[in-house]
Amino acid sequence: MQIARGISGVGVVDREIDLFEGQYAVPNGVSYNSYVITDEKIAVIDTVGEGFGEEWLGNIASVIGDAEVDYLIVQHMEPDHSASITDFVRRYPEATVVASAKAFTMMNNFFGADAVRKTLTVAEGSTLSLGRHTLTFVAAPMVHWPEVIVTYDSETGALFSADAFGKFGAPDTDEPWADEARRYYIGIVGKYGAQVQSLLKKTASLDIRMILPLHGPVLTENLGYYLGLYDTWSCRRAEEEGVVIAYASIYGNTAEAAKLLARELEVRGETVKLYDLARCDIHAAIADAFRYDRLVLASSTYNGDVFPPMHAYIHGLTERGFCKRTVAFIENGSWAPMATKVMKEMLEGSKELTLTAAGVKLLSAVKESTHLEIAALADELCRR
Ligand code: FEO
C-alpha cells in the first residue's frame, strides 16, 4: 500500500489474536505495521510479530521486487515488532540493522549475539540519508520501552511514531479512532505520561504532515486532533465531564446501590458509565476513569479488604498515575465494612484527588436510608 511518494505500508493484520500483550482484549484484531522507503537506498522500518514473517517478507517483495534492502530500522524491540528480525536477516543478510544502543542490547538478549551482523547505532539527532529522504532519529525512551526511537522524514513530513498514536483493531475497523486508541494508550503507555510529554515537546518543532504508527491506521489529516488527545492523555487531564461508576459486588447488593446512583445521576443530566468489574473489560473501565472527570468506586468488603476485582481495578489505576479527579466511595459489609477505608488507602499516593464528603455505606443490603445517602452523593457529584 503506497502511503506517500516513496513510502509504502508492508505490515500485517493479526485477526486471530485473543489477548494483546497477554491481557488486552482485541476483538477486532491488531495490526503490526511496517514501512518501506524506496529511494537510492531502500529502508524497512520495523518488523512484525511472531508467525507473520513470511507474509511480511512477501509484502516487502511486492514493493521492491528482487531488490536488496539496505537498512532495517528497528525503532522498538517489543516482540510484536521485533519477532521477525531473524526472518529478515536470513532473507536480507547484507542489510544494515539500524537501532539505538539499548535496542542492540535487547536484540542480543532476545536472539543471541550473532543474530545481526551489520549494525549502525543511532541516537538522538542522528541522521541517515537514503537519497531524497533524509531520516532524523528522535529518542523516545519509555514510549513505550527505554530503547525506542522514532523517525522523521523531512522529504514527506512523515513521523514514524513507533507505538505512539497506535490503536487496537485492524486499520479498516469502522469505529471511532479515539476509543480504541485511548484504551491502547492508557493501558500500555499510560504510566509514562512525562515521557510522552517530552516526546511531544521534542517533535513540536517538526513539520509533521503524517503520522505512521506501529498499530492502527496511518494518520494523514487533522493531526492537531490526535496530537491534542495525546497531550490530554499524557497530562492525565479529563477529556470530558461524566461519572464512571465501577462496582465489585458479590451477591448484587453493592451492584444495586451502584445502579441506583447511576439513575440518580442520569436524572440530573450526567453522562454515566457503569462497570461491573467482575465481568467487564477492566481495561475499558480503566481507560474511562481517565476519560471522565469523576469516579465512584463501589465495593463489598471481603476478607477485611475490598472484593478482589476492585483491588485489581484500583491497582490498574494507580500504576498508570491516576490523579486529578473527584472520587467517591460506596461500601458494603455485613459485619465489619472496611471497603472505603481500604480504597482510600489504595489511592493515598494519587495526586490532586478530591474525595467527596458524601459516601454510601451498606450493611448487607439497600435500605430506605440508603436512598437518601445515594441522593446526597449524587447531589455532591453534580456540584462542581
Ligand atoms: Fe507495539 Fe510496545 O509494542
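Visitor: How do you know that the span of H8 agrees with its 15 residues at 1.5 Å a residue?

Guide: In this predicted model, the expected span is 1.5 Å times one less than the number of residues. For the 15 residues of H8 that should come to 21 Å, and the end C-alpha atoms are 21 Å apart, so the two agree.

Visitor: Which residues of H8 are called buried?

Guide: Buried means under 20% relative accessible area. In H8 the buried residues are Thr254, Ala255, Ala257, Ala258, Leu260, Leu261, Ala262 and Leu265.

Visitor: What do the buried residues of H8 pack against?

Guide: Their partners are strands S17 (240-248), S18 (272-276), S19, S21 (326-332) and S23 (360-362), together with helix H12 (368-382). Just after H8 comes Gly269, with a positive phi of about 90 degrees.

Visitor: How much space lies in the largest pocket, in Å³?

Guide: The largest pocket holds about 340 Å³ of space. Its lining has 18 residues, and closest to the centre are Ile250, Thr301, Gly333, Ser334 and Trp335. Helix H8 (253-267) and strand S19 (292-302) are the elements that give two or more residues to this lining. S19 gives the most, with three residues.

Visitor: What makes up the lining of the largest pocket, by class?

Guide: Six residues are nonpolar, 12 are polar and none is charged. Gly counts as polar in this scheme.

Visitor: What is the volume of the second largest pocket, and which residues lie nearest its centre?

Guide: The second largest pocket has a volume of about 250 Å³. It is lined by 16 residues, with Met1, Gly9, Gly11, Asn33 and Pro171 nearest its centre. Strand S1 (2-4) and strand S3 (12-14) each supply at least two residues of that lining. By class, the lining has nine nonpolar and seven polar residues, and no charged ones.

Visitor: Why is Val48 called buried?

Guide: The cut-off for buried is under 20% relative accessible area. Val48 has 0%, so Val48 is buried.

Visitor: Where is Val48, and what is it in contact with?

Guide: Val48 is in the loop between strand S8 (42-45) and helix H1 (53-64). Contact means heavy atoms within 4.5 Å. Leaving aside neighbours within four places in sequence, Val48 is in contact with Gly11, Val12, Tyr32, Ser34, Gly53, Trp56, Pro79, Asp80, His81, Ser82, Ala83 and Ser84. One of these, Gly11, is also among the residues nearest the centre of the second largest pocket.

Visitor: How far apart are Val48 and Ala162 in sequence and in space?

Guide: They are 114 residues apart in sequence and 12 Å apart in space, C-alpha to C-alpha.

Note on methods:
Residues numbered from 1 in each chain as written. Predicted model: local features only at pLDDT ≥ 70, side-chain atom pairs only at ≥ 80, totals over all residues. Heavy atoms only, no water. Helix = DSSP H or I, 4+ residues; strand = E, 2+ residues; numbered from the N terminus. Buried < 20%, exposed > 50% of the residue type's maximum accessible area, 1.4 Å probe, protein only. 1 Å grid on protein atoms, 1.4 Å probe; cavity = no way out; pocket = protein on both sides within 12 Å on 5 of 7 lines; lining within 4 Å. Points joined across faces, edges and corners; volume = space filled by probe spheres on them.
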